[in-house]
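Please examine the sequence and the structure shown below before reading the report.

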Amino acid sequence: MIITVIILGILALFIFMIFTISLRARFIFDTEKSNMYMTLFWLPPLFKAVMEIIDTKPVLTVTVLNKRLLSKTLKSKKQHFDTQIINKVNPQEFVINAYYGFRDPFSTGITTGLLGAISSLVDIATVRHCPDFTASKDYIYVDASAKINLGNALIKLLRT
């Protein structure tokens, strides 16, 4: 009987933590190193998931308590990204840091204007962009982060 109460207490605590402690998401896109990956953290080092592009294929690695639980190459059944998932997940404290530069200063200026216009239309907490008008080579580096309420996101995703 006591073991059942302890297990139910741990389960209730876990459910409470899912709804109160936010999942942190971080997305990195770097053209110089040809990196693109997304990392999800929840109570580090308890849970960490990394999705990265290796040899043009997405690879998902899940780590629980610093032990690799899963590493799998994902196969897409859909040919397009569902943009509605961002609205369902409803990220909070969304911050984008963008560093970019093109050999042509005109292209850098146009990109700066477009980012300014887009950031005013989209609900993003902070957009920091650092254009390099004197770049000797083309590069883009984007570092985006957000907090996601895991419990609410799971409920919204399961309803659809």
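The sections that follow describe selected strands, a pocket and several individual residues.

## Basis of the report

This is a predicted model, in which local features need pLDDT of at least 70 and side-chain atom pairs count only at pLDDT 80 or more, while totals for chains, interfaces and linings use all residues. Residues are numbered from 1 along each chain as its sequence is written, and side-chain values use heavy atoms, with hydrogens and water left out.

Helices (H or I, at least four residues) and strands (E, at least two) are DSSP runs, numbered from the N terminus. Two strands are said to pair if DSSP finds at least two bridges between them. Strand β1 (residues 23-30) and strand β2 (residues 35-42) run antiparallel and are joined by seven bridges; Arg24 has Phe41 of β2 as its bridge partner. Four residues lie between the strands of this hairpin, where Ser34 takes a positive phi near 55°.

Strand β2 is also joined to strand β3 (residues 47-54), by six bridges and in an antiparallel manner. The hairpin of β2 and β3 likewise has four residues between the strands, and Leu43 takes a positive phi near 50° there. The loop between β2 and β3 holds Pro45, and the peptide bond from Pro44 to Pro45 is cis, with omega near 5°.

Thr39 lies in β2 and stands opposite Val50 in β3. Contact means heavy atoms within 4.5 Å. Leaving aside residues up to four places away in sequence, Thr39 touches Arg24, Ala25, Arg26, Lys48, Ala49 and Val50. Relative accessible area (1.4 Å probe, protein chains only) sets the classes used here: buried is under 20%, exposed is over 50%, and partly exposed is in between. Thr39 counts as buried because its relative accessibility is 7%.

## The crossover from β6 to β7

Strand β6 (residues 92-101) and strand β7 (residues 126-132) run parallel, with seven bridges joining them. The chain passes from β6 through helix α3 (residues 105-121) to β7 in a right-handed β-α-β crossover. Right-handed means that, with the strands pointing away from the viewer, the path from the first strand over the helix to the second runs clockwise. Ile96 has Val127 of β7 as its bridge partner.

## The second largest pocket

Rolling a probe the size of a water molecule over the atoms shows where empty space is left. On a 1 Å grid over the protein atoms alone, using a 1.4 Å probe, a pocket is an open set of points with protein on both sides within 12 Å along at least five of seven lines, and lining residues have an atom within 4 Å of a point.

The second largest pocket holds about 180 Å³ of space. Its lining has 14 residues, of which Ile96, Ala98, Leu115, Val127 and Val142 lie nearest the centre. The elements β6, α3 and β8 (139-148) each give two or more residues to this lining.

## Individual residues

Ile140 is found in strand β8 and counts as partly exposed because its relative accessibility is 28%. Ile140 and Ala98 are 42 residues apart in sequence, yet 7.4 Å apart in space, C-alpha to C-alpha. Among the residues that Ile140 touches are Phe29, Tyr99 and Phe102.

Leu65, in the loop between β4 (57-64) and β5 (67-73), has a positive phi of about 55° although it is not a glycine. Glu93 lies in β6 and has a positive phi near 50°.

Technical notes: Grid points are joined across faces, edges and corners, and a volume is the space filled by probe spheres set on the points.
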